[in-house]
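Have a look at the model before reading on.

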Amino acid sequence: MISTSKNYKYFFRGQYVVTADVEDVQAAKTAEKKEAVGLRAAFEAIRVPTSTQRCPEQQNPEVVLSLIEELVEREALHIALANRDEDEVIKLMDFLVWKLPDHRYATVLLEVARITLDMYAGVVGLSDRFDNKLFNQMNLIVADQVKLQKGLLELSG
C-alpha cells in the first residue's frame, strides 16, 4: 500500500520514531573495533614482534591464526618468532598446546610449532618450564593426534 497524503499512515509518519543519538551510534562502532585495534595498529606499522607478543593474550584463535597467516604471506614468521624471552615462548607454547588438537588450526599451528622448536632447540634443558611444555605436553598431544590419525586411516581402509 502506497502512503499518500489522504491516509492516516502518511499523516502520522515518523511521529513515534525515536532517532538514535550520534554519541550512541559512535560508541557502538568503536566497541566493535576495540578488540583487534591493538593488533591491527601494531601490524600495520610492521611492528611484527609487538603484534605477535600481544597475540596469545587474546585467547581468540581466529585472530591469532589470521595474524599468523598474514605473517606467512609476508614471509615474516621467522622474524616474529625470533629473539623471544622465556615468558613469551611459554605463552606461545601454551597457545600451541591449547589449540593444536583442533583440526581446523592444526595445519598452520604444526608449522608454527616446527619453526619454534627449530629456533629454540638450543635452549632445551636450560628452562624447566620450557622443557615441561615441550617434552611433556606437546609430546602427549602429538602422540594422541598420531594415534587418532592411525585409527582414522584404519577405518577408511
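1. Helix α7 covers residues 86-99 and helix α9 residues 128-156; their axes are 10 Å apart, at an angle of about 10°. Axes here are lines fitted to C-alpha atoms over the stretch in contact, with angles from 0 to 180 degrees between N-to-C directions. Helices are DSSP runs (H or I, at least four residues), numbered from the N terminus.

2. A caveat: this is a predicted model, with pLDDT of at least 70 needed for local features and 80 or more for side-chain atom pairs, while totals for chains, interfaces and linings use all residues. Residues are numbered from 1 along each chain as its sequence is written, and side-chain values use heavy atoms, leaving out hydrogens and water.

3. On the α7 side, the contact with α9 (heavy atoms within 4.5 Å) includes Val89, Ile90, Met93 and Val97. From α9, Phe130, Leu134, Met138 and Ile141 are among the partners. The contact residues split into nine nonpolar, one polar and five charged (Ala, Val, Leu, Ile, Met, Phe, Trp, Tyr, Cys and Pro are nonpolar, Asp, Glu, Lys and Arg charged, the others, Gly among them, polar).

4. Now for α5 (residues 61-73): its axis comes within 12 Å of that of α7, and the two cross at roughly 115°. α5 and α7 are therefore roughly perpendicular to each other. Pro61, Val64 and Leu65 of α5 meet Phe95, Trp98 and Lys99 of α7. By class, that makes five nonpolar, no polar and one charged.

Conventions. Parallel < 35°, antiparallel > 145°, perpendicular 65-115°, else oblique.
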